[in-house]
Amino acid sequence: MRRRVSTIARQFGDIGRDFYARGWVLGTSGNFSALVSREPLTLAITASAASKGALGIDDIVLIGPRATVVGTRRGKPSAEALLHVNVARNRRAGAVLHTHSIWSTILSDVHAADGGLTIAGYEMLKGLEGVTTHEHAEWLPILENDQDMERLAHLVEVTLQRFPAAHAFLLRQHGLYTWGDDLAQARRHVEILEFLLEASGRLRTIAETHTGGSHGTDKNPRPAANAGGARIHHELS
């Protein structure tokens, strides 16, 4: 198992350096997990307070189905470990990645009252697993952040069951969670979704300027390009 954990540690290190350089996991924000075994469910997850820009094997902890440490490895898992367990179990994911980018933080707040946002019309949507056309409409549910992890984990589970086609969800004023069959697919989903969130946020700013709308004073304005609800499309009216 140590060889398997060492391989995951190297992959986490590569992903962490990349995401840190892009500003998606600054400070000690974000957390990564990867499946070690399905039965019993065991995940390798980044330790609490570890810098994702400088991850090593000592920053990896093994957790079981209750998000508690298993095996002989020492360390404290991320405070959000139970969320990773729920995603791995409900989506049968092989990897779960969580980022704290500027745009995911802002848009998760702006669209919180709508319960989520839909992103449609972008060619980059085809980078999401199973999506074959730019006409796809991706719904990103937004959940209220909560320091009670058991309560938040239950909300995550309910949300995943309610929206089985979703590739990700947002925590309000917090960040993005996405997943994949393996780390490569999960990493691709982060790249695609962070691109789409930034494009959506920049489009919103342009649309507000274009229509003479608010410039950040209204936390949930409805510019012309987003009239009628939390739907972001890449064409300006």
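Predicted model: local features only at pLDDT ≥ 70, side-chain atom pairs only at ≥ 80, totals over all residues.
Two strands count as paired when DSSP finds at least two bridges between them.

**View 1. Strand β4 sits between two antiparallel partners, β1 and β8.** On one flank, β4 is joined to β1 by four bridges, and the two strands run antiparallel. On the other pairing, five bridges connect β4 with strand β8 (residues 175-180), again in antiparallel fashion. Leucine 97 makes a handy landmark here: phenylalanine 32 stands opposite this β4 residue, and leucine 97 also stands opposite threonine 178 in β8. Have a look at how β4 (residues 95-99) is enclosed: five of its five residues are buried, so the strand is largely enclosed by the rest of the structure. Both of its faces are covered, with Ala95, Leu97 and Thr99 buried on one side and Val96 and His98 buried on the other.

View 2. Searching the whole structure turns up six aromatic pairs. Phenylalanine 12 and phenylalanine 32 are both buried. Widen the view and you will find one aromatic cluster made of Phe12, Phe19, Trp24 and Phe32.

**View 3. Lysine 52 is buried without a salt bridge.** You will find lysine 52 in the loop between β2 (42-46) and β3 (60-63). Which side chain of opposite charge is nearest to lysine 52? That is aspartate 59, at 8.5 Å. A salt bridge needs a side-chain nitrogen of Lys or Arg within 4 Å of a carboxyl oxygen of Asp or Glu. The lysine 52 side chain does reach the backbone oxygen of threonine 28, at 3.1 Å. Beyond its neighbours within four places in sequence, lysine 52 is in contact with several residues, including Gly16, Arg17, Val25, Thr28, Phe32 and Thr46.

**View 4. Serine 104 is a buried residue of helix α3.** The helix spans residues 102-110, and serine 104 has a relative accessible area of 0%, so this residue counts as buried. Its side chain makes a polar contact of 3.0 Å with the side chain of serine 101. Leaving out residues up to four places away in sequence, serine 104 touches Thr99, Leu170, Gly175, Leu176, Glu194 and Leu197.

Terms used
Residues numbered from 1 in each chain as written. Heavy atoms only, no water. Buried < 20%, exposed > 50% of the residue type's maximum accessible area, 1.4 Å probe, protein only. Polar contact = N/O pair within 3.5 Å; in protein donor to acceptor, adjacent residues only side chain to side chain. Contact = heavy atoms within 4.5 Å. Phe/Tyr/Trp six-rings, centres within 6.5 Å; stacked < 30°, edge-to-face > 60°. Lys, Arg positive; Asp, Glu negative; His and termini not counted.
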